[in-house]
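Please read them alongside the sequence and the coordinates.

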Amino acid sequence: MNEIPIFDHRTLGQRVMFGSGQAANHLRSATYDLSASTPMVVAARGDRSLADAVLGDLDVAVRFDDVRPHVPVAQAEQARSIAREHGADLLISIGGGSTTGLAKAVALTTGLPIIAVPTTYAGSEATNVWGITEAARKTTGQDDRVLPHTVVYDAELTRSLPCELSVASACNALAHCVDSLWAPSANPINSALATEAIRALADALPEVADRPESLAGREHALYGAYLAAVAFASAGSGLHHKICHVLGGRFDLPHAQTHTIVLPHVLAFNAPYAQAAATRTAAALGATDAVDGLRALLKSVEAPTALRDVGLAEGDLDEAADLILPVVPASNPRPVTREELGELLRNAWMGTVSS
Ligand code: NAD
């Protein structure tokens, strides 16, 4: 029997309402329970029809639709002043991580509660982490004011997410789990959540890839994405997230695809030094070896494999390594040298297998 270590775990308080086809009902009832009368809706212009279907005839004070990736500070400021002008008493976000992120930026300075209705598997709705980008630099922080009060999950809403993005988004969730297993505040509670999330996502991914219309696959993906995000929020950012944070923020790479591409390289790097994490990951994937199991899963769903295909220039690799090295968590199970980091990034850039 393994020894249970001394640990200090904090569970974030949040209401989760789950049900396919129930988003409109659940949103109405959650809005009523918060006694809100002047909600501000945050939903991207491109997701308007999705948002309309969820909102139905709910009374809304104002809508904000200028949602952009990585929450630029200009949009955050604009959304905050619109919330003030209209006397908003609730934020309703309907969309992916970028939309949730913008609602969080408003909550950070106004203290308004959020009801989040996620339409991807990014998981931002289950964390108290915010991020704002200014002058190509993404600043992140943790603040309980940004944790959505209520999350309304409805797998029907993720059906319109294109297959490629669905796969990458679910792999982004998988990355939350794997990285949680060795992150700075990893503990038996968040590891248990992460392991169950890996299992659910490994079940969901082939179904989502092969039958994008299947509700069952998308329900399991949402369930896994939630657990993954709870584990990540509690365990903190490990090596994988530090790498992807720099790549996304500095080089403006697409979030979900970047996580998908980098994950097998970080797992291959850390696994020999993180036996318990590797054993758990392998078991949850139903594989004998974690690295082989993850690679086989990603291959089977035709996940993206190379950073050069998602916009990173070869000439950026050195700068990326220089920026990542100082933020490598001291608790990473394997010490990281500049040379090893450079090699890992080059392999991820080329799409070649890291040993
Ligand atoms: P996204 O929100 O940028 O969405 C990607 C695209 O998909 C957008 O064009 C969006 O309009 C579209 N889309 C969303 N749902 C759709 C649907 N159901 N049907 C059709 N199109 C749909 O991408 P994302 O991967 O969800 O989120 C990425 C962002 O979330 C990043 O900025 C990342 O940093 C942040 N994030 C934050 C946390 C956190 O804890 N703070 C966690 C995960 C991700």
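Is L298 buried or exposed? The points below take up this residue after a word on the model.

1. Basis of the comments. This is a predicted model, in which local features need pLDDT of at least 70 and side-chain atom pairs count only at pLDDT 80 or more, while totals for chains, interfaces and linings use all residues. Residues are numbered from 1 along each chain as its sequence is written, and side-chain values use heavy atoms, with hydrogens and water left out.

2. Residue L298. L298 is buried, its relative accessible area being 9% (buried means under 20% relative accessible area, exposed over 50%, partly exposed in between, with a 1.4 Å probe and protein chains only). L298 belongs to helix α11, residues 290-300 (helices are DSSP runs of H or I with at least four residues, numbered from the N terminus). Between the C-alpha atoms of L298 and V71 the distance is 29 Å, and the two are 227 residues apart in sequence.

3. The ligand shell. The ligand is surrounded by 21 residues, of which S98, T119, T120, T127 and K138 are the closest (a residue is near a molecule if one of its heavy atoms lies within 4 Å of it). Twelve of the shell residues are polar, six nonpolar and three charged; Ala, Val, Leu, Ile, Met, Phe, Trp, Tyr, Cys and Pro count as nonpolar, Asp, Glu, Lys and Arg as charged, and the others, Gly among them, as polar.

4. Origin of the shell. Helices α4 (97-110) and α5 (163-180) each supply at least two shell residues, and the largest share, three residues, comes from α4. Domain 1 (15-158) and domain 2 (163-350) each contribute at least three residues, the bounds coming from an automatic or database domain assignment.

5. Polar atoms at the ligand. A polar side-chain atom of T119 is placed 2.7 Å from a ligand nitrogen atom. For D47, a polar side-chain atom lies 3.0 Å from a ligand oxygen atom, and an N or O atom in the side chain of H255 is 3.5 Å from an oxygen atom of the ligand. Of the 860 Å² of accessible area that the ligand has on its own, the protein covers 79% (Shrake-Rupley method, 1.4 Å probe).

6. Cysteines. The structure holds zero disulfides (pairs of cysteine sulfur atoms within 2.5 Å). C163 is partly exposed at 29% relative accessibility, whereas C177 is buried at 0%.

Definitions and conventions: Polar contact = N/O pair within 3.5 Å; in protein donor to acceptor, adjacent residues only side chain to side chain.
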